[in-house]
Amino acid sequence: MQGRAKPNQERSTKPEMRAWQRMLSGRRLDLLDPSPLDIEIEDIAQGLSRVARWNGQTTGDHAYSVAQHSLLVEEIFGRLFPQVTIDQRLVALLHDAPEYVIGDMISPFKAVVGGDYKAVELRLQQAIHLRFSLAPAVKQELRLQIKRADAIAAYYEATVLAGFSQSEATEFFGRPRGIDPQGLDLTPLPTQSAHVEFLSRFSALDEQRAKG
């Protein structure tokens, strides 16, 4: 009579859970232990241009993508704080970059999921920053500045695209101060256009940084 398998033997027969994603660049990104070497800006642009803000509940012929939102936040951030460095503008542009892998989870659902989601998001953000020679940890002052720009962007997206009343948007995001919506382009772009614009803005900032 054969003896009962030991616990470690039983576990060894189970297939390992896949925790990586293959990117179009050919990279395999480990979601639990992401390496900066497996991160490419083309993959980020590809993913963000295809992830819809507001779970796709927006007006227009196209989804309003996280790539467009990222461009909007970086623009507002630059208007609010014109003396910021190029590195800081890159941090603003990449503030939602982990969503190229994990998607844009709306805030109410993030609250339900809790800490595990935030931990994965933070590890991805740190790896992305290291890949592009940015400080892995965002200082409190900069984080709050980007959060302010993000809230202003969310207010205008909510009222222009997502069907929120001004009073409802104010309740959730605060009333925008210091930024006139004039000149902010909130027209949802086709996927490829959003992809190209995101890559173009990243390249422009990166070239400015290289020139010193």
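A: Helix 2 passes helix 10 in a right-handed crossing. The handedness rule is simple: a crossing is right-handed if the near helix is turned clockwise from the far one by less than a right angle, and left-handed if anticlockwise. Helices here are DSSP runs of H or I with at least four residues, strands are E runs of at least two, and both are numbered from the N terminus.

Before going on, a word on ground rules. This is a predicted model, so local features need pLDDT of at least 70 and side-chain atom pairs count only at pLDDT 80 or more, while totals for chains, interfaces and linings use all residues. Residues are numbered from 1 along each chain as its sequence is written, and side-chain values use heavy atoms, with hydrogens and water left out.

Back to the pair. Helix 2 covers residues 41–48 and helix 10 covers residues 191–211; they pack at an angle of about 145°, with their axes 8 Å apart. Those axes are lines fitted to C-alpha atoms over the stretch in contact, and the angle, on a scale from 0 to 180 degrees, is taken between N-to-C directions. From helix 2, the residues in the contact (heavy atoms within 4.5 Å) are Ile-41, Glu-42, Ile-44, Ala-45, Gln-46 and Leu-48. They meet His-195, Phe-198, Leu-199 and Phe-202 on helix 10. By class, that makes 7 nonpolar, 2 polar and 1 charged residues. Nonpolar takes in Ala, Val, Leu, Ile, Met, Phe, Trp, Tyr, Cys and Pro, charged is Asp, Glu, Lys and Arg, and the others, Gly among them, go down as polar.

Helix 2 is largely enclosed by the rest of the structure, because 6 of its 8 residues are buried. Buried means under 20% relative accessible area, exposed over 50%, and partly exposed in between, using a 1.4 Å probe on protein chains only. The buried ones are Ile-41, Asp-43, Ile-44, Ala-45, Gly-47 and Leu-48.

Next, follow the chain into the loop between helix 2 and helix 3 (66–80), where Trp-54 lies. Most residues other than glycine have a negative phi. Trp-54, not a glycine, has a positive phi of about 60°. Asn-55 sits in that loop too, and its phi is also positive, near 55°. Trp-54 counts as buried because its relative accessibility is 15%, whereas Asn-55, at 48%, counts as partly exposed.

Elsewhere, Gln-125 belongs to helix 7 (residues 115–131). At 12% relative accessibility, Gln-125 counts as buried. Leaving out residues up to four places away in sequence, Gln-125 touches Leu-94, His-95 and Pro-98. Gln-125 and Leu-94 are 31 residues apart in sequence, yet their C-alpha atoms are 8.4 Å apart.

Zooming out, the protein chain comes to 10 helices and 2 strands, in the order α-β-β-α-α-α-α-α-α-α-α-α along the sequence. Of its 212 residues, 41% are buried. Among contacts between residues at least 6 apart in sequence, 66% join residues at least 24 apart.
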